[in-house]
Amino acid sequence: MSIVFCGICPHPPVMVPEVGQGRDNEVANTKKAMLELGRRLSESDAETLVMISPHGTVFSDGIGINAEKELSGNLGQFNAPGVRFALANDLALVQKIQNKARLQNITVAGIDSTLARRYGVTTGLDHGIMAPLYFLRQAGVHIPLVHVSMGLLPFYQLYSFGVALREAAGELNKHVAVLASSDLSHRLTLDAPNGYHPAGKEFDHRLVKLVRVGDVEGICGLDPELAEQAGECGLRSIIMMLGALDGVEITSEVLSYEGPFGVGYLVASLVPGARDEQRRLQDKIRRLVLDRAGQKRTAESYPVQLARRVLENYYHGGRDEFKPQEVPEEFAGRRAGVFVSLKKHGRLRGCIGTIAPTKNNIAEEIAENAVSAAIRDPRFYPVKPEELPELDISVDILGEPEPVHGLDELDPHKYGVIVSAGGRRGLLLPDLEGIDTVDEQVAIARQKAGISPGEKVRLERFEVVRYH
């Protein structure tokens, strides 16, 4: 077995004393656990450390891996430019990982300075690497590094990347340690960075419990919607790391967990043991993810089924002709504004809608906006045909807007808002992830309409019926 040590580490820069300036004392348990994690890693005889970060060059259809000869970074953006490291990159392992991942049908992009300029990104070590590396170095870890960026691929493909990593290390006969840089929920308290959501504590509780017992299937089976509601930034890193432990027993220990700033910080050690054929889970996890997607499809409402059928027909050259007898009366007999939202692996992939109806009925409105969400949302590249099975779709049917005379008549969880000034109008749907106050809701609607903060506006509110 060439993977000799694995772990989970948080990455808040505030835990670094030069950044925290005293606030790092509020995460004393995390700092202590990080030093213990570093000590165990140092004693593992690892020759190379692979760290997987959610804050590097993240691709939706592949995985980025740093291909520079020397890896360097600092915490200057957090007012601690003196905290800097430069480490050798294990380029032989980088190349082998790319080759093995290709056999798993996973694209791995080697990011060197030339490619970084093309994409407008950097090859510098991000804070997801720098913050935990501070404590690992203090604990005596001074070995070459491989810097991997989390990908937005399906969970089973992320797990398969970890399998490719393990195979690459084995073929090189090299002892390798793998750490997943991962903060948990950012929504644990009212003053948390992303605001409060009850899913935050639920997600962290579940994940910590699963890590404690080394339940790989349970971790890979966590609901992406729950993860999104929790505002986490590392579950994918963890799943990639777990793939490197495929086929072996795991001794898992949670060294600490705390969330003093409204963000969950987990430090855990996962040590590989003897080979265990019962723990070869790659195919099982793939089936788990695909079966869950299939179950969601069978439970979809009529508006979502319609949107999906329209997209499938659009991409395969067909046309939708609405036969009255096939469309329920509530969608055939009235008109309304409609928004169609597309998500891929829990991340927004497109969202387009109409404030007021433009078609003969709601069914036609859904059809038009489903295609627009897939190909006309300027924030994203058009959806590709092969992405369709991976899309989760929701449809919002808007009620009639009504004028309001003050912010006290708004509620971002119950009402959407329309902000108007002159001929400019901005709309924001209700109950959106990360929008918890009226001020936030109105400010974003203003921004969408190009209305400055000081301009006088007309406010309207509306309710929606959301279909999944």
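This briefing covers the pockets, the cavity and the cysteines of the structure above.

The model is predicted: local features need pLDDT of at least 70, side-chain atom pairs count only at pLDDT 80 or more, and totals for chains, interfaces and linings use all residues. Residues are numbered from 1 along each chain as its sequence is written, and side-chain values use heavy atoms, with hydrogens and water left out. The largest pocket holds about 1,400 Å³ of space. The structure has zero disulfides.

**How the spaces are defined**
- The search runs on a 1 Å grid over the protein atoms alone. A cavity is a set of points where a 1.4 Å probe fits but cannot get out. A pocket is an open set with protein on both sides within 12 Å along at least five of seven lines. Lining residues have an atom within 4 Å of a point.
- Grid points are joined across faces, edges and corners, and a volume is the space filled by probe spheres set on the points.

**Largest pocket**
- The volume of the largest pocket is about 1,400 Å³. Its lining has 44 residues, and E228, K343, D431, L432 and E433 are the closest to its centre.
- Among the elements that each supply at least two lining residues are α9 (224-230), α11 (282-298) and β13 (391-398). Helices (H or I, at least four residues) and strands (E, at least two) are DSSP runs, numbered from the N terminus.
- The lining divides into 15 nonpolar, ten polar and 19 charged residues. Ala, Val, Leu, Ile, Met, Phe, Trp, Tyr, Cys and Pro count as nonpolar, Asp, Glu, Lys and Arg as charged, and the others, Gly among them, as polar.

**Second largest pocket**
- This pocket has a volume of about 580 Å³. Of its 19 lining residues, S60, D61, K344, R349 and E387 are the closest to the centre.
- Strand β12 gives the most to this lining, with three residues.
- The lining has seven nonpolar, three polar and nine charged residues.

**Cavity**
- The count is one cavity of 30 Å³ or more. The largest cavity has a volume of about 40 Å³.
- Its lining includes R349, R376, D377 and F380. Helix α14 (residues 362-375) gives the most, with three residues.

**Cysteines**
- A disulfide is a pair of cysteine sulfur atoms within 2.5 Å.
- The sulfur of C6 is 11 Å from the closest cysteine sulfur, in C9, so it is too far for a bond.
- The sulfur of C220 is 13 Å from its closest cysteine sulfur, in C6, again too far for a bond.
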